[in-house]
Amino acid sequence: MENWLRTDETQQAVLALQMATEHLQRVMDNPHHWQWVIVGLHNALQGFMVLALRGTNSINVLTDECAREWMAAYERRDGNYPEPKLDSFLNLYKKIKSDRMKMYVHSRSFKPSGTQGRSIKKLNSLRNEFIHFVPKGWSLEISGLPHIVGDCLNVISFLAFDCGNVVWHEQTLETQARILIEKAKNDASLITRDYAS
């Protein structure tokens with residue numbers, strides 16, 4: 001008997017959001033859970049950027065070089081397509097702010113406001129520190145992390161529900177995403193108040 005784990009890009013984005021939300025609920029008991037909030041939130045935001053940019057052929061989510069090679073293979077009609085290579089997190093972020101998002105009549109690009117751009121860059125930097133952790137002692141100021149979480153959740157919410165590019169084929173995943181975003185926003189607000197007291 002064979003066992004399989006089946007998933008896709010939508011499920012991956014929602015599962016990452018779920019992981020971040022679950023660990024956010026634990027940070028007051030153990031601040032080390034911030035690592036997994038950061039890793040999960042980064043993965044979720046990347047996943048929702050991919051969902052918003054993928055269109056019908058996923059060219060927008062590839063590195064520019066890979067996209068050019070893929071288009072050349074398509075035009076040659078030889079079936080010799082390159083191995084897909086997902087673009088970097090920060091390049092995907094640039095793309096969601098560009099006209100690449102305008103795929104349909106009702107599509108909208110992301111326009112950052114307030115501290116959102118800085119929060120996304122900080123999330124990426126922190127995630128890289130944790131994922132590529134080199135031997136060192138590190139003290140991380142955590143009082144600003146709930147604000148970063150809130151900013152990134154607002155970007156995810158825009159991508160998931162307001163940009164006009166994400167088609168939810170499974171109602172349960174859409175509902176789950178909405179619930180998780182609201183839960184995480186509320187938790188981040190509570191944590192901010194606790195840190196301030």
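This is a predicted model: local features need pLDDT of at least 70, side-chain atom pairs count only at pLDDT 80 or more; totals for chains, interfaces and linings use all residues.
We may start with the helices. Helix 1, spanning residues 9-24, packs against helix 2, residues 34-53, with 7 Å between the axes and an angle of about 155 degrees. Helix 1 is therefore roughly antiparallel to helix 2, as angles over 145 degrees are counted that way. The crossing of helix 1 past helix 2 is left-handed. On the helix 1 side, the residues in contact include Ala13, Ala16, Leu17 and Ala20; helix 2 contributes, among others, Trp36, Gly40, Ala44, Gly47 and Phe48. Sorted by class, this contact comprises 15 nonpolar, 6 polar and 1 charged residues.

Aromatic rings come next, with 8 aromatic pairs counted in the model. In one of them, the ring centres of Phe48 and Trp168 lie 6.3 Å apart with the planes at 50 degrees, so this pair is tilted. Phe48 belongs to helix 2, whereas Trp168 sits in the loop between helix 6 (145-162) and helix 7 (171-196), so the pair ties together parts 120 residues apart in sequence. Phe48 and Trp168 are both buried. Together with Phe161, these two residues, Phe48 and Trp168, make up one aromatic cluster.

Tyr93 and Phe110 form another tilted aromatic pair, at 6.3 Å centre to centre and 55 degrees between the planes. Here Tyr93 is part of helix 4 (residues 89-96) and Phe110 of the loop between helix 4 and helix 5 (116-131), so the parts tied together are 17 residues apart in sequence. Tyr93 and Phe110 are likewise buried.

Key
Residues are numbered from 1 along each chain as its sequence is written. Side-chain values use heavy atoms; hydrogens and water are left out. Axes are lines fitted to C-alpha atoms, for helices over the stretch in contact, and angles run from 0 to 180 degrees between N-to-C directions. Helices (H or I, at least four residues) and strands (E, at least two) are DSSP runs, numbered from the N terminus. Angles under 35 degrees count as roughly parallel, over 145 as roughly antiparallel, 65 to 115 as roughly perpendicular and the rest as oblique. A crossing is left-handed if the near helix is turned anticlockwise from the far one by less than a right angle, and right-handed if clockwise. Contact means heavy atoms within 4.5 Å. Ala, Val, Leu, Ile, Met, Phe, Trp, Tyr, Cys and Pro count as nonpolar, Asp, Glu, Lys and Arg as charged, and the others, Gly among them, as polar. Rings of Phe, Tyr and Trp (its six-membered ring) pair if their centres lie within 6.5 Å; planes under 30 degrees apart count as stacked, over 60 as edge-to-face and the rest as tilted. Buried means under 20% relative accessible area, exposed over 50%, partly exposed in between (1.4 Å probe, protein chains only).
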